[in-house]
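Subject: Structure for you to look at

Hello,

Please open the structure below before you read the rest of this email. The notes after it say what was found.

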Amino acid sequence: MTDRETHWAGLMRAAIRGDDGAYRRLLKEVAPVLRALASRGLARHNHGSEDVEDVVQETLLALHLKRSTWDERQPFSPWLYAIARNKLIDNLRRRGRQAHVAIDDIGELPGGEAPPAAELNGVDAARLISRLNGRQREIVVAVSVEGETARQVAERLGMTEGAVRVALHRALRALAKAFRTETP
Amino acid sequence: MNTDHLIAAIAADGAATPPSIARRIAAALGIGGLIALVLFAQGLGVRPDIAVALQTWRFVVKVAIVLTSFTAALWATAHLARPDADQRQALAVLSLPLLMLAVAIGGELALSPASTWSAWAIGSNSRVCLFYIGLMAVAPLAALLAALRAGAPRSPALAGAVAGLLAGSLAASLYAIHCTDDSPLFVALWYPPPILLATLAGAVAGYRLLRW
């Protein structure tokens, strides 16, 4: 656990210094842990697993959009789990379940490995992404599904790279908002 | 879009960091504080006998209390903007200025005869106090709330409330160097209402604006 903490904090520091590869590695590594936490949290509230991937995606978006609240002198994992707990509670509240999640419940790492996620993937996100405007959707799909770089997207769409980045950032914020205001 | 796709999109946006939340709070205090300072200079100004006042314990204690309140609220505001904040620790820090005020009240009651207490408490300036502390808190509170939208507070209402307390304490600190009513009894009676009003406004606004 301490090893993981050191490793994650190191990746996040590198990411903040502009190392996008480290950022991607960090996101990929935290996702299964977040999935296990979300799965456990939902199960504890007698809630099915259909929302697990929603909680994971909301948590990843919040990690990204709220990364300026991580203090580099503080450990990374408690910060991340605090975000995960918040997003779990949000999800439970939206669905009208009684949301009482004790801090201790989620403060520790889950022992087991993550549940399989493949069949849960992205049902809701697909619906949410349809809420983005045309240009935003096009850019998000290009960089995520097609794996294009911002520069490639810029050239293809006749935009500047900066404009693509701004549009992408706005799209991620719009996605986070869509999760927040989604009605089940 | 599955989670791997989302990760690709987030990584493409990059992590190179936006200004830290502490820096945003500092900027908000700078802007809001400047507007409060203009109001202060236009309507109030520093008391003319400040040099003499600095020799008296009542004035020094009064300024110490409002500055402690400001410092404690500043720390708590920055702390509570984080998702992993320890809320009880923040509330403990905020009790510090109240403790100082209680001790100061005890000192006043011990030192001055009972017949003077009501005169100390009522003072000469209470309406100006209520009005100006409230007025000077408005701009700092608005700026702080805007800054805190980048935060991720566990409790948006609490984060907004403490921002209101910070704005109120800033206004009270300015007011304290204008006002000639220095007794802890006056401070205890007239400073809290406008500060609490700012705190309440912050809580209501925070509940609506600071969700994430």
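Two residues are in contact if their C-beta atoms, placed from the backbone, lie within 7 Å. By that rule A:L61 touches A:L172, A:L175 and A:A176, leaving out residues up to four places away in sequence. A:L61 is found in helix 3 of chain A; helices (H or I, at least four residues) and strands (E, at least two) are DSSP runs, numbered from the N terminus. Is A:L61 buried or exposed? A residue is buried if 20 or more other C-beta atoms lie within 10 Å of its own, exposed if 12 or fewer, and partly exposed in between, with C-beta atoms placed from the backbone. A:L61 has 23 other C-beta atoms within 10 Å, so A:L61 is buried.

Some background on the model. This is a predicted model, in which local features need pLDDT of at least 70 and side-chain atom pairs count only at pLDDT 80 or more, while totals for chains, interfaces and linings use all residues. Residues are numbered from 1 along each chain as its sequence is written, and chains are lettered from A and ligands numbered from 1 in the order in which they are written.

Chain A
There are nine helices and zero strands in chain A. Of its 184 residues, 42% are buried. pLDDT is the predictor's confidence in each residue, from 0 to 100. The mean for chain A is 82, and 82% of its residues reach 70 or more. Where in chain A is confidence lowest? The lowest mean is 50, in helix 5 (residues 103–107), and the highest is 94, in helix 3. Over residues 107–123 of chain A, pLDDT stays under 50, and the model has 27 contacts there beyond four places in sequence. Where pLDDT is low, the predicted coordinates should not be read in detail.

Chain B
Chain B has ten helices and zero strands. Buried residues make up 49% of its 212 residues. The C-alpha trace of chain B spans about 75 × 35 × 25 Å along its principal axes. Of the contacts in chain B between residues at least 6 apart in sequence, 88% join residues at least 24 apart.

Where the chains meet
Chain A gives 39 residues to the contact and chain B gives 29 residues. The residues on the chain A side divide into 22 nonpolar, eleven polar and six charged. Here Ala, Val, Leu, Ile, Met, Phe, Trp, Tyr, Cys and Pro count as nonpolar, Asp, Glu, Lys and Arg as charged, and the others, Gly among them, as polar.

The axes of helix 3 of chain A and helix 1 (residues 3–13) of chain B come within 11 Å and cross at roughly 5°. Axes are lines fitted to C-alpha atoms, for helices over the stretch in contact, and angles run from 0 to 180 degrees between N-to-C directions. The residues that make this contact include A:V56 and A:L60 of helix 3 of chain A, and B:L6 and B:I10 of helix 1 of chain B.

The cores
A nonpolar core is a set of buried Ala, Val, Leu, Ile, Met, Phe, Trp, Tyr and Cys residues joined through C-beta atoms within 7 Å. The largest has 62 residues, and those with the most contacts inside it include A:L60, A:L172 and B:A9. Helix 2 of chain A gives the most to this core, with eleven residues. A second, separate core of 58 residues includes B:A28, B:A85, B:A161 and B:C179.

Regards
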